[in-house]
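This report is written for a reader who is meeting this structure for the first time.

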Amino acid sequence: MIVRVSGALLRFTDYQRAINVDAPTVEAALASLASEYQPLRKVLFDRNGRVRATQRIFLNGEPLEPDQLASSAGDADCVELLLAISGG
Amino acid sequence: MHRFCAYEVPVDTGFFTPHHLQPAAICRLAFNGAGRWLSRHVISHRRLVVEHRTGFVYWSVQVVTGDRVGFFDADRLGVTVTGRVRGGGTQVECDVDVSGPLRPAGRPTRLRAVCVPLLLDGGPALSGAPARLGPEVLSAFLAEEIEERPHRSPLPALRAAIAARGAVLARGRAPFVIHRHQCEVADQWFWPEAVSLAGGAREELVRAHAERVAPLRLAMQAPVGRLDLLFNRPFFLFDEGAVLSTAYEWEGRLAFVHELVGTGAAGDEPRPRALAVEQFTCD
C-alpha cells in the first residue's frame with residue numbers, strides 16, 4: 001500500500017511524502033514504517049506502543065478509529081497520516 | 001490591578017508600510033509581547049511546553065489600528081501587554097497596545113488575541129489536543145486575571161453582516177504553498193502568516209480589478225483599519241491552499257473577506273482553515 005505523509009510529519013520520513021509499504025494491515029504498515037524511519041516511531045507511538053491519540057489515520061480517505069487499525073489493506077490501498085494540530 | 005509588561009522596541013523599516021504599521025508586524029510584536037508577559041508573570045513559554053506539556057494555538061485575533069505611526073516618527077515603539085485566562089482555563093487572552101509617540105488622548109494600535117491551550121502528547125512532533133490549563137499553571141494567575149466567561153469571536157457575525165448587506169466589488173483566488181520560513185518550530189504555519197497571505201490576496205485583487213473598480217484603490221491608499229482573524233485548523237509545511245477573497249463596499253467601508261482553504265487533488269476543502277476580515281475606511 002501507499003502511505004502518504006504530510007506537514008509536520010515530513011521531517012520524520014526524510015521528506016518522503018508517498019512511501020510504498022508491504023504489509024497486510026494498517027497497523028502492520030505503521031510498524032513497518034516506524035522501522036524504516038526510526039525518528040517516526042516516537043511520533044506515531046506512545047511509550048506503550050499504542051498509536052498516539054493526536055495522530056489521525058485515514059484508509060482511502062476514511063478516518064480510522066484506534067480499534068480499526070487492524071483493518072486489512074492491499075497494494076491498491078492508501079493510508080494517510082495527518083497531525084491534527086501542534087502546540088508551539 | 002492586572003499585571004502588565006511595558007517596554008520599548010527599536011523600530012526597523014520592516015515594521016511599516018508607507019501608511020502605518022504592517023499588520024503582520026503587529027501580530028509578530030504581539031506574539032512576542034504575549035510571551036514576555038507570560039514569562040514575567042506566569043511561566044515561560046518554553047517551560048510551559050517542556051515541564052507542563054502545554055502549548056498554545058491562536059484561535060481568535062482582532063487588531064484595531066490606532067493613530068498613524070511611520071518609520072520616521074520615532075526611534076522606538078512602545079508596547080504594553082496584559083494577559084488573563086478565560087472560560088475556566090480553556091482560553092488564554094492577551095491585549096497588546098503598540099504605539100508611536102502618542103499625543104494626548106492618542107490611540108494606540110490594539111491587538112487582542114485568544115489562544116487555546118493544548119495538552120501535548122509528549123512526542124517530538126509537539127502534537128496535542130485542546131485542554132484546560134493545569135491547576136499549577138492556573139494558580140499563577142491573579143484572581144483578577146481569571147474570567148469565567150469565554151471569549152466569543154466576533155468574526156462569524158461580522159462576516160454574515162458583510163455578506164448580507166455589503167455590495168460585492170470583486171472576487172479572487174490566490175493559491176499558496178506553505179514553506180518552512182512561514183512556519184514555527186513544529187513545521188506548522190506561524191499564525192501571522194495568515195495576515196500576510198490575506199494581505200497578498202487582497203493586493204492581487206486590487207491589482208487585477210482596481211482599474212475597473214475604483215473603490216478598491218482605498219486598500220492601497222490607507223492602512224487596514226480593523227482586522228479580524230479566526231483559526232479553525234492550521235496549515236503545515238508544504239500544505240497547499242488558496243485564499244478565496246471577496247471585496248465588499250459595506251456601510252461606507254471597504255471590506256475584504258478572506259477564506260484560507262486547503263486544496264488538493266480532491267478540490268478545495270469545504271471548511272476554511274482560517275478566516276480573515278480586513279476593513280478600510282477613509283480618514
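In which sense do strand β8 and strand β10 of chain B pair, and over how many bridges? Strand β8 (residues 167–177) and strand β10 (residues 240–250) of chain B pair in the antiparallel sense, over 10 bridges. Here helices (H or I, at least four residues) and strands (E, at least two) are DSSP runs, numbered from the N terminus, and two strands pair if DSSP finds at least two bridges between them.

## The model and its confidence

This is a predicted model, in which local features need pLDDT of at least 70 and side-chain atom pairs count only at pLDDT 80 or more, while totals for chains, interfaces and linings use all residues. Residues are numbered from 1 along each chain as its sequence is written, and chains are lettered from A and ligands numbered from 1 in the order in which they are written.

The model scores ipTM 0.87 and pTM 0.94. For chain B the mean pLDDT (the predictor's confidence in each residue, from 0 to 100) is 95, and 100% of the residues of chain B reach 70 or more.

## Chain A

Chain A has 2 helices and 5 strands, and along the sequence these follow the pattern β-β-α-α-β-β-β. A compact globule of 88 residues would have a radius of gyration near 12 Å, and chain A, with 12 Å, agrees with this; the radius is taken over C-alpha atoms, and the globule rule is 2.2 Å times the number of residues to the power 0.38. The C-alpha trace of chain A spans about 35 × 25 × 25 Å along its principal axes.

In chain A, 5 strands form an open sheet of mixed pairing, in the order β2-β1-β5-β3-β4. At its edges are β2 (18–20) and β4 (62–64) of chain A, each of which pairs on one side only. From one strand to the next the twist averages 30°, where axes are lines fitted to C-alpha atoms, for helices over the stretch in contact, and angles run from 0 to 180 degrees between N-to-C directions. Strand β3 (residues 55–59) of chain A runs antiparallel to β4(A), to which 3 bridges join it, and A:Leu59 stands opposite A:Glu62 in β4(A).

## Chain B and its strands

Chain B holds 6 helices and 12 strands. For 283 residues a compact globule would have a radius of gyration near 19 Å, and the 19 Å of chain B agrees, while the C-alpha atoms of chain B fill a box of roughly 60 × 55 × 35 Å, taken along the principal axes.

Strand β3 (residues 76–86) of chain B is joined antiparallel by 7 bridges to strand β1 (residues 4–10) of chain B, where B:Pro10 has B:Arg76 as its bridge partner. A further 9 bridges join β3(B) to strand β4 (residues 91–99) of chain B, again running antiparallel, and the hairpin of these two strands has 4 residues between them, with B:Gly87 taking a positive phi near 60°.

## Domains of chain B

The domain assignment of chain B gives domain 1 (4–147) and domain 2 (155–280), with bounds that come from an automatic or database domain assignment. The C-alpha centres of the two domains lie 22 Å apart. Their contact takes 20 residues from domain 1 and 17 residues from domain 2 of chain B, counting two residues as in contact if their C-beta atoms, placed from the backbone, lie within 7 Å.

On the side of domain 1 that touches domain 2, α1 (23–41) and β2 (54–64) of chain B each supply at least two residues, and β2(B) gives the most, with 8 residues. This side divides into 12 nonpolar, 6 polar and 2 charged residues, where Ala, Val, Leu, Ile, Met, Phe, Trp, Tyr, Cys and Pro count as nonpolar, Asp, Glu, Lys and Arg as charged, and the others, Gly among them, as polar.

## Where the chains meet

The contact between the chains takes 24 residues from chain B and 16 residues from chain A. On the side of chain B that touches chain A, the elements giving two or more residues are β2, β5 (109–120) and β6 (128–130) of chain B, and β2(B) gives the most, with 3 residues. By class, that side of chain B has 15 nonpolar, 5 polar and 4 charged residues.
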